[in-house]
Amino acid sequence: MSVIGHVAVNVFKESVRDKILYNLVVFAVLLISASYLIGELTAGQDVKIIKDLGLASISIFGLLIAIFIGIGLVWKEVEKRSIYTLLAKPIRRQEFLLGKYFGLVLTLVINVAVMTAAFYLVLAYMQAETPPNIRAAWPAPATDPAMLKAVALIMLELLLVTAIALFFSTFSSPFLSAMMTMAVWVIGHFNQDLRDYGATISSPVAAALAKGVYYVVPNFAAFDVKLQVVHAQAIPLRYLLLTSLYGATYVALVLLAAAIIFSRRDFK
Amino acid sequence: MKVHPAAWAALAALFAAVIGLQLLQTREQPLGLPAGVSTNLLYVRSPDFARRAALSFHALLADIYWIRTVQHYGGTKLSTGANKQYDILYPLLDLTTSLDPYFDVAYKFGSVFLAEEYPSGAGRPDQAIAILKKGLQAQPQKWEIAQELGFVYYWWLADYDNAAMWFNRAADMTKAPDWLRPLAAVTLAQGGNRTSSRTLWTEIERTADADWLRDQATFRLKQLDAMDGIDFVERIVQQYRARTGMFPTSWADLIRAGLLRGVPPDPTGTPFRLDPATGSVSLDPASSLNPLPNREHPL
């Protein structure tokens with residue numbers, strides 16, 4: 001196994017030791033209890049709401065893991081001073097960093113996969129329990145495979161958030177890294193506003209600046225198709241491919257920047 | 001440091017006192033409010049703000065507002081207080097549909113909640129129309145929303161020209177069912193007769209995806225049956241009068257005359273009531289079908 005692989009597996013094992021996977025139990029309990037409770041509150045919209053809740057939960061749990069584990073990946077090694085031992089071995093700093101990244105990605109992939117499986121199981125149960133005349137009014141079956149498109153884009157978003165968290169953690173404290181990652185994620189949802197800012201202000205400099213930020217800040221809103229898949233709206237393949245390419249390119253950019261900063265960092 | 005046993009006892013006593021006082025407070029009548037003062041509170045009223053604040057969780061926030069809508073409508077409808085107000089119903093529906101423009105049920109049920117006469121609903125068909133038109137802006141080919149618009153004009157505003165126009169528009173949309181075009185024609189020609197009412201409610205009963213809406217349609221169809229039944233029995237009363245020169249004093253007169261086999265019941269099984277002075281037939285006050293809509297224009 002390559003150096004990157006060894007580091008990645010260790011990160012995954014560490015996350016298991018840190019009981020990160022317990023969130024899966026919370027997710028399952030949340031979804032199952034919601035499917036029982038909300039039926040009475042929603043005037044027949046229980047399946048739609050379970051779909052919304054499931055997809056939002058996959059996204060939220062993934063985000064929490066990506067941010068709060070991601071920011072500690074490098075910092076923990078520095079804090080425990082184990083970084084000196086590690087870097088004394090025949091391992092390049094970039095390999096160490098990529099190993100950390102892929103380790104967390106592995107944790108996230110397993111998390112998202114298990115949450116998605118639990119999500120479909122709950123929906124399959126609800127579908128089986130619903131009379132055919134009610135099912136006929138649904139825009140799509142409860143277990144509509146098209147929802148996997150939203151899950152795939154959530155996963156891509158998590159890959160980018162992890163990369164950003166790791167990037168900040170190469171030069172900043174965990175608290176600041178978490179704040180900055182959160183800030184980038186939030187700003188990334190206001191891209192549309194940044195683009196349209198010019199129409200509401202008179203200063204051309206400010207408008208140009210906002211437009212510049214629009215192009216630079218990651219467009220997290222692009223990864224969100226949850227609403228569309230729940231309502232069985234078509235997501236063109238071109239959109240999926242373009243967004244995937246955008247996400248992958250941005251991840252590569254952030255990881256490269258993180259590797260450059262990390263390689264220049266002085267640990268003395 | 002060791003805690004004094006008296007401290008534990010005081011803690012237990014205070015804990016018991018808090019629960020006891022809370023129990024007492026629960027039994028007290030709630031403090032009244034002046035008439036017209038609403039206790040309904042909505043922190044966020046701006047759909048634009050809600051959309052931005054939701055980040056990528058629009059649908060989930062829309063669900064939360066939808067649950068609040070259902071609770072607000074249901075709670076207000078069932079409340080027995082004098083201050084029954086549906087004042088945040090429209091803002092809640094506006095927020096729900098702004099966060100999730102494809103939330104069809106919010107338009108469909110929301111328009112029913114808004115249009116239904118006070119105190120069963122908000123008694124605001126104008127707001128029902130506004131929310132449905134908003135739905136059509138988001139989904140211009142959704143025939144169900146156009147049909148609902150026609151329904152609001154037909155049932156709650158007795159505006160048959162507009163009702164027929166919306167039924168026709170719905171019929172022009174993709175995947176529209178065949179029965180919409182004849183319904184539009186009947187509505188335009190005979191505005192508000194029982195045939196068009198029956199067509200509407202039968203379709204709602206057949207296609208309803210919620211029990212309460214299906215129950216509502218079944219109830220309305222029973223009312224229409226009761227109105228047909230009343231017309232039928234009144235014709236028999238007129239036959240009796242033509243024969244004897246007077247109105248029957250009771251059902252027994254009609255049975256003895258061979259015009260009826262027994263006491264005629266409404267669709268719920270409750271006997272109709274006969275007015276011997278005028279010969280008019282009506283529902284028994286105990287019937288669950290009361291009050292009946294206008295028999296000439298069954299709104």
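## A quick tour of chains A and B

Let's start with a pair of helices: α2(A) and α6(A) cross in a right-handed way. Keep in mind that this is a predicted model.

**The α2–α6 pair in chain A**

- Two packed helices are described by the angle between their axes and the distance between the axes.
- Here, helix α2 (residues 22–37) and helix α6 (residues 93–129), both of chain A, have axes that come within 10 Å and cross at roughly 15°.
- Angles under 35 degrees count as roughly parallel, and α2(A) and α6(A) are therefore roughly parallel to each other.
- On the α2(A) side, the contact is made by N23(A), L24(A), F27(A), A28(A), L31(A), I32(A) and S35(A).
- Facing them from α6(A) are N111(A), V114(A), M115(A), A118(A), F119(A), V122(A) and M126(A).
- Sort the residues of this α2(A)–α6(A) contact by class and you get eleven nonpolar, three polar and no charged residues.

**Where chain B meets chain A**

- On chain B, 18 residues are in contact with 23 residues of chain A.
- Two helices of chain B, α3 (58–78) and α5 (104–115), each supply at least two residues of the side that touches chain A.
- The largest share of that side comes from α3(B), which brings eight residues.
- By class, the side of chain B that touches chain A has eleven nonpolar, three polar and four charged residues.

**The nonpolar cores**

- In soluble globular proteins, nonpolar side chains tend to be buried together.
- The largest nonpolar core in this model has 123 residues, and A163(A) and V152(B) are the ones with the most contacts inside it.
- Helix α8 (residues 147–169) of chain A gives the most to this core, namely 17 residues.
- Look around A163(A) and, setting aside residues up to four places away in sequence, you'll find it touching Y101(A), V251(A), V254(A) and L255(A).
- There's also a second, separate core of eight residues, including L224(B), A226(B), M227(B) and L274(B).

- Most residues other than glycine have a negative phi, and most peptide bonds are trans.
- A232(A) has a phi near 55°, a positive value in a residue other than glycine.
- You'll find A232(A) in the loop between α12 (226–230) and α13 (237–264) of chain A, and it counts as partly exposed, with 14 C-beta neighbours inside 10 Å.
- A158(B) isn't a glycine either, yet its phi is positive, at about 50°.
- The peptide bond from Y118(B) to P119(B) is cis, with omega near 10°.
- P119(B) itself lies in the loop between α5 and α6 (125–138) of chain B.

**One more stop: R135(A)**

- R135(A) sits in helix α7 (residues 132–135) of chain A and counts as partly exposed, with 15 C-beta neighbours inside 10 Å.
- Leaving out neighbours within four places in sequence, R135(A) is in contact with Q127(A) and T130(A).
- R135(A) and V47(A) are 88 residues apart in sequence, and in space they are 9.8 Å apart, C-alpha to C-alpha.

Terms used:
Residues numbered from 1 in each chain as written. Chains lettered and ligands numbered in written order. Predicted model: local features only at pLDDT ≥ 70, side-chain atom pairs only at ≥ 80, totals over all residues. Axes fitted to C-alpha atoms, helices over the stretch in contact; angles between N-to-C directions. Helix = DSSP H or I, 4+ residues; strand = E, 2+ residues; numbered from the N terminus. Parallel < 35°, antiparallel > 145°, perpendicular 65-115°, else oblique. Left-handed = near helix turned anticlockwise from the far one by under 90°. Contact = placed C-beta atoms within 7 Å. Nonpolar A, V, L, I, M, F, W, Y, C, P; charged D, E, K, R; others polar. Core = buried A, V, L, I, M, F, W, Y, C linked by C-beta atoms within 7 Å. Buried ≥ 20, exposed ≤ 12 C-beta atoms within 10 Å, placed from the backbone.
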